Amino acid sequence: MSSRKLFSLVVSSVLVASTASAQQPLPSKVDIAFNRFYPYDEVLDILKRIQAAYPDLVKLESIGQSLEGRDLVVATLTNQKSGAELDKPAMWIDANVHGNEIQGTEVVLYTAHFLTRAYGQIDEITKLLDSKVVYLLPSQNPDGRTYWFEAPNTSSSSRSGVRPVDSDDDGLFDEDPPNDLDGDGSITMMWKADPDGDFVRDEEDPRNFRRARKGETNRYRMAGMEGVDDDGDGQINEDGKGGDDLNRNWPSDWQPNHIQFGAAVYPLSQPEPRAIAGFIVAHPNIAGVQSYHNAGGMILRGPGADYLDGTYPQADVAVYDELGKLGERILPYYRYMVIWKDLYTVHGGFVNWTAEQLGILSFTNELWNDSKMYQRDGATQDTDEALTRDRMLLGQTFKDYAEFDHPTLGKVLIGGDNKWGSRVTPAFLLEEECHRNFAFTMAHADAMPVLSWKRSEAKELGNGLYAVTVQIENEKAIPTRMRIAVDRKIGAPDILTVAPAGAVVAGGAISRFDDTSFDPVRYEPARLVLEDGVGSKAKRSFRFLVRGKSGDELKFDYVAEKATDRELSLRLP
Amino acid sequence: MLILSFTSVLAACAAWPIPVDDPVDPFAAAIERVLAGNGEKVTRIEIGKTAGGRPLTVLRAGAKDAPALLVVSGLDGRLKAGPEIACLALERLLGKHADLLADHAIYVLPCLNGDAAARAADSQILDVGGTLRPRDDDRDGRTDEDSPGDVNGDGKIGWMRVMNPPVGTPLTDIADPDDPRRSRAADRAKGEVPAFVVWRESLDRDGDGRYGEDALGGVDLDRNFPHQYVERDARSGPSALSEGESRALVDWMLSRSDIEAVLVLGNGDTLIEPWEAGKMDVTKRAPAGLEKADHALALEIKKRVETATGWKKGRQASVEGSLVGYAYGQYGVPAFSFDVTRNPERDRALLAPPAEAGAAKEGEEKKDAAKPEEGKDGEKKEGGKGAKSAGKGDKKGGDDAEAQLLSAAEQEGQGFTPFQPFAHPTLGSVEIGGLDDSFALTPPAAAVSPLADQAVEVAAILLAALPKVSYGKPTVEKLSDGVYRVRIDVRNDGFFPSLTAIAEKLRRRGSLAFQLELPRERVPAGRLTQLVRSVKGGGGIEAVEWVVLGTEGESISIDVRSPRTGAAVVNVKLSAEAGR
């Protein structure tokens, strides 16, 4: 069986098992609804309940605090009795680095919930937690999440961190945010009647404004987001809360604010990225990264800038492609894309850092695509679809326009989509979104390297000399060392040692194409430093000339940061 | 013949004192001297600690709330002259230019890398002047385990001419027939037969067949700042500001709004070799060197420095990840580098009798100043520089510099150790000698004092050039009954503009904001809050203006906010006579 087929089968088995179980609910010690969204304190409470229910599988730790002092809590999921955590390959999953992009947090909670209740129930999950680790960070930006939930916002505001920034350079900080003038809990739009305006209300659906045709009267102009001139400078809403984009603060192609808006003052200047970076660097076993955002339905990989095109070696791109295309099948209406080419330029992004500076295969999923609402391609958000959406959501995401007496603009209409009106997965579709993305990350986790000895033999050459051959295989798609790690000398190289070292006369790798000879290293033949590691679905063979006698034991130890180390014992014949 | 057993050599190596346990600042005495000698004129600020626990001490002198020059030294522990020059210069500035300090201020951080400065005193193991962070240069899973060191016991770490390298290592070099002190690649086309390879004086401490390939670790602080930071370069560190020392400095700088220029006493010059203008970096949105308008400022400073010091030529400092690069490119202030390494031509002029020094200033044909060793990577390459010469590398930076250093060493009778045979424990017969690293990096001891004098002059030039921003009393012009024009002028009496061109692009340093405390309907013209961002130097003026409706004699208020001038409320009377 080819290794490609083997991989496909393994992935299929994960999906088939999960889907089947999802149809027959697994018993769980913790009940959690996945048709709603959770403020950050409730998120932490859910994690605590899961941890209390499954103490052998879940460990919670605070890895630092946000600017406003909220704990950044990482849940470590693994069978804590099946080997050292750092010796198991690990999948990192986080969400909500942009405070408004909330539903990734629910996907993270779903992941914790599904994994714990499926352990011991679904073989693939049991195997996964026995042999691997899943690190879950429900929110990279709990302050932004909290502000989004608690304060009036749009679906796009409260994106940043909360460090006050003087956006209008007037010496005051965050002094003129949008204002919830109509008290509906959201920031919606203001329209001002204006005979010279360019818009009229749509006669078919007065909730929409459309461009005016020649001769039409009752015109309006857009008067901006709901708000007043808080600081009396003649401008409205020009200095809202925060301003640092925590997904532009990472030390990978970081650029200052005039090049990359929101970059903050230097890479890792903000406490949240700094704490997270500390954790990830201290866990070199992390071999896969997923960071959930919204929206658009994308499975994104780096690089983030055109001049970095070519940074990802072809061998790595092949693995990204394999997983990315699998993701497109798991996630309808999602597309696998490259950040700079298919989205926009990003300097200092989180997954750029994990992929390009740490050599970890990393994706960002942009959750939710409007096509999912209508279950067909090409959502246009036109009037028909808006009406259809309102039928499905029963108008919950729209605030009807109403007149308001604005202190400086006079009478205006205030209304439109509230903060739940776009980007956020509709609650009735949330569980499906959670499960499909969870399943994709499990495929990603399943692709992390797994090593096994394939061949070990010793042949006597005479005079107490033996030729000992061992072969190790990585059956998975992700190599023990991504090519980018090899090229950039990231992390520790794999090392194969033989004991007793004194018995080893010569040692080295055997070519794939010639088993009759090997390429001996000149020094330390009992300690092979393998910068290349073991590739994607690949085998590597090594031969040692060993002096000894029949019955002598040799011990081989293959050490890799991103795979479980493997030991092998062999006796000379 | 001295033959050491391999085991005994390794045992000896294990005793090499790599750790630095004593956290006393090696320049503490100089700092205390400055403080003790100047009473209340100098104050001490501690902005953090090194990884080894040494305090990062800043000395401040000058007027309260005045525009300030920041001087930083000691980024590289091997540049031993820098901290002493910094302390001496501050002491002398207080005496010679007290007038400048009446309305300006100066901060001096004598040593940013006290750990390396302390370690540099140990000559038994090669030091690269970086932080305490270990590194695995040879990618064998071990860190700092095979450092070059003093193998022959002469107290120096030189270069080895290895005649019998391990199998598989080809011979490459010969002693230069024109100057046997130098080694160079043999020219086989001319029948020259290579006789040796040149490596650092080292053992193979980790037994991997390579010599001195994983030296004492460390991050070069002057490559660890975020402007044009070079990623994936071991000397730069794992990320910009990864080191506590560089981060503490930047955090402190960002917490202040009075630092208007930066002078780094470091490795290379930008005072008389300013970076170019007109070229953009990889993003195409930031200059590779200087913004054009800032380049003009740099050329004027160059002229003033040349006049004051007699310097004509220097070795340009690198921008990549450097402190001076950051201070300009991201902190946004005029920033310059003063070279405190050995510059044979400059140092000769400094030490010459006045007449000869004058002649030197007139400018005979000059060669490039010496280029010191670049750091760990270069040094760790098997067969690095030092006593190597012609036929390899860049002629401008390597050979001419080496020739000057050899010449200086000959004149001073130090700095070069003749190659002497030595029985290496594993390589057999070798010759050990060559240029001392510290010689290239350290000016002659006698030049330190005159260099400090020149640093005083440079600091004075920069202090005098700092922007001096102030706003005047509002003026009122009556346009008609009940209608007044109110105007405030903002003036810059310094030479530098209140914002450099790069600072305007960065939009980071604060404006002056003037907010009229009147309802909108009483201000028919002019935004209630108006900003003045940049004011040109040399008496440049920018103004804010409103047309106000009011009554004769009425007093109105204007809130002024600025990191430079602080917050204030200015009251003005609406009157035909007011403020004209």
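Reply: Here are some questions about the sheet, the chain contacts and a pocket.

This is a predicted model, where local features need pLDDT of at least 70, side-chain atom pairs count only at pLDDT 80 or more, and totals for chains, interfaces and linings use all residues. Residues are numbered from 1 along each chain as its sequence is written, chains are lettered from A and ligands numbered from 1 in the order in which they are written, and side-chain values use heavy atoms, with hydrogens and water left out.

Me: How do you know that S3(B) and S9(B) pair?

Reply: Strands here are DSSP runs of E with at least two residues, numbered from the N terminus, and two of them pair if DSSP finds at least two bridges between them. Strand S3 (residues 68–73) and strand S9 (residues 259–266) of chain B are joined by six bridges and run parallel, so they pair by that rule. In this pairing B:Val71 sits opposite B:Leu263 of S9(B).

Me: What makes S1 and S10 of chain B edge strands?

Reply: The open sheet has six strands in the order S1-S2-S4-S3-S9-S10 (chain B), with mixed pairing. S1 (42–49) and S10 (335–339) of chain B each have a single partner strand, so one side of each has no neighbour in the sheet.

Me: What makes S18(A) and S19(A) a pair?

Reply: Four bridges link strand S18 (residues 504–511) and strand S19 (residues 514–520) of chain A in the antiparallel sense, and the rule asks for at least two, so they pair. A hairpin connects S18(A) to S19(A) through two residues, and A:Ala509 is opposite A:Asp519 in S19(A).

Me: How many residues of chain B are in contact with chain A?

Reply: Contact means heavy atoms within 4.5 Å, and 40 residues of chain B are in contact with 41 residues of chain A. The buried area (accessible area, 1.4 Å probe, that two parts lose on being put together, summed over both) is about 3,400 Å², with carbon and sulfur atoms giving 49%. On the chain B side, B:Arg139, B:Glu231 and B:Arg232 lose the most area to chain A, together 22% of what that side buries.

Me: Why is the second largest one called a pocket?

Reply: On a 1 Å grid over the protein atoms alone, a pocket is an open set of points with protein on both sides within 12 Å along at least five of seven lines, and lining residues have an atom within 4 Å of a point. The second largest pocket is lined by 47 residues, with A:Lys489, A:Ile490, A:Gly491, B:Arg232 and B:Pro238 nearest its centre.

Methods
On a 1 Å grid over the protein atoms alone, a cavity is a set of points where a 1.4 Å probe fits but cannot get out, and a pocket is an open set with protein on both sides within 12 Å along at least five of seven lines; lining residues have an atom within 4 Å of a point.
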